[in-house]
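Hi,

Here is the model I promised to pass on.

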Amino acid sequence: MFTIGGLSGVVLANASLDIAFHDTYYVVAHFHYVLSMGAVFAFFAGFFYWIRKITNRYYRFNSSGIIFALLFTGVNITFFPMHFLGLAGMPRRIPDYPDSFVFFNSMASLGSFFTIIGVLFFLYKTYTDIVIDPYDIHTVFYKLGYFRTLMKGFYYK
């Protein structure tokens, strides 16, 4: 994600192209690839890594792979066509657009549905894997020793 955003940033580093693409969807696509998706995918990677250590429960690997595939596909289908919209001159912050931009806007809308499905599946699997599953007697939360372990350095010196 960051690489695609970086390559579009190299294009925007050219002063004349930056002026031409200013306030177009090209800048929107660049921004979302560099900042938003880098942060969002880092959040999901951190969540899948740390959830085992926080709750002492396994997040099912198949679920995380499906969530990643849905989000990766949805985000790329959403934001990659925006590069072409910006190259064609579609301005930002305009609520209506000409019919010549319908195809790429429809692709972006389709990609946002994939992204929404991925986020809803993530919330559903998080709820079912962590909240609904019966507690294992070996979990730290079951024994209520988690907070004692946290405070051990403060009270038990």
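Asp23 counts as partly exposed, at 32% relative accessibility; buried here means under 20% relative accessible area, exposed means over 50%, and partly exposed is in between (1.4 Å probe, protein chains only). You'll find Asp23 in the loop between α2 and α3. Helices (H or I, at least four residues) and strands (E, at least two) are DSSP runs, numbered from the N terminus. Asp23 also has a positive phi of about 60° although it is not a glycine. For background, most residues other than glycine have a negative phi.

Before going further, the ground rules. This is a predicted model, in which local features need pLDDT of at least 70 and side-chain atom pairs count only at pLDDT 80 or more, while totals for chains, interfaces and linings use all residues. Residues are numbered from 1 along each chain as its sequence is written, and side-chain values use heavy atoms, with hydrogens and water left out.

Back to Asp23 and its partners. Searching the whole structure turns up two salt bridges, a salt bridge being a side-chain nitrogen of Lys or Arg within 4 Å of a carboxyl oxygen of Asp or Glu. In one, the side chains of Arg92 and Asp23 meet at 3.5 Å, N to O. That pair links distant parts of the chain, with Arg92 in the loop between α4 and α5 and Asp23 in the loop between α2 (15–21) and α3, 69 residues apart. Asp23 forms a salt bridge with Arg93 as well, and there the closest N and O atoms are 3.3 Å apart. This pair also links distant parts of the chain, Asp23 and Arg93 being 70 residues apart. Taken together, Asp23, Arg92 and Arg93 are linked in a network of salt bridges.

Now the overall picture. The protein has seven helices and zero strands. Buried residues make up 32% of its 157 residues. Contact means heavy atoms within 4.5 Å, and residues 24 or more positions apart account for 76% of the contacts with a separation of 6 or more. The accessible surface comes to about 10,400 Å², of which 72% belongs to carbon and sulfur atoms; accessible areas come from the Shrake-Rupley method with a 1.4 Å probe, and for residues only the protein chains shown count as cover.

On confidence: pLDDT is the predictor's confidence in each residue, from 0 to 100. The protein averages a pLDDT of 82, and 83% of the residues score at least 70. Among its elements, α4 has the highest mean pLDDT (91), and helix α6 (residues 140–143) has the lowest (51). Where pLDDT is low, the predicted coordinates should not be read in detail.

Next, the inside. A nonpolar core is a set of buried Ala, Val, Leu, Ile, Met, Phe, Trp, Tyr and Cys residues joined through side-chain atoms within 4.5 Å. The largest one has 21 residues, and those with the most contacts inside it are Phe47, Tyr59, Phe79, Met82, Leu85 and Phe122. Helices α3 (25–55), α4 and α5 each supply at least two residues of this core, and the largest share, nine residues, comes from α3. Not counting residues up to four places away in sequence, Phe79 touches Ala29, His32, Tyr33 and Met37.

Helix α4 is worth a look in the viewer. His83 sits in α4 and counts as buried, at 7% relative accessibility. Leaving aside neighbours within four places in sequence, His83 is in contact with Ile4, Ser8, Tyr26, Ala29, His30 and Tyr33. Phe84, also in α4 (residues 61–87), is partly exposed, with a relative accessible area of 35%. The C-alpha atoms of Phe84 and Phe104 are separated by 7.7 Å, 20 residues apart along the chain.

Phe113, Ile116, Val119, Leu120 and Leu123 make a nonpolar surface patch of about 480 Å². Patches are made of residues with over 30% relative accessible area and no salt bridge, with like charges joined within 9 Å and nonpolar side chains (Val, Leu, Ile, Met, Phe, Trp, Tyr) within 5 Å. Val119 lies in helix α5 (residues 102–132) and is partly exposed, with a relative accessible area of 33%.

Cheers
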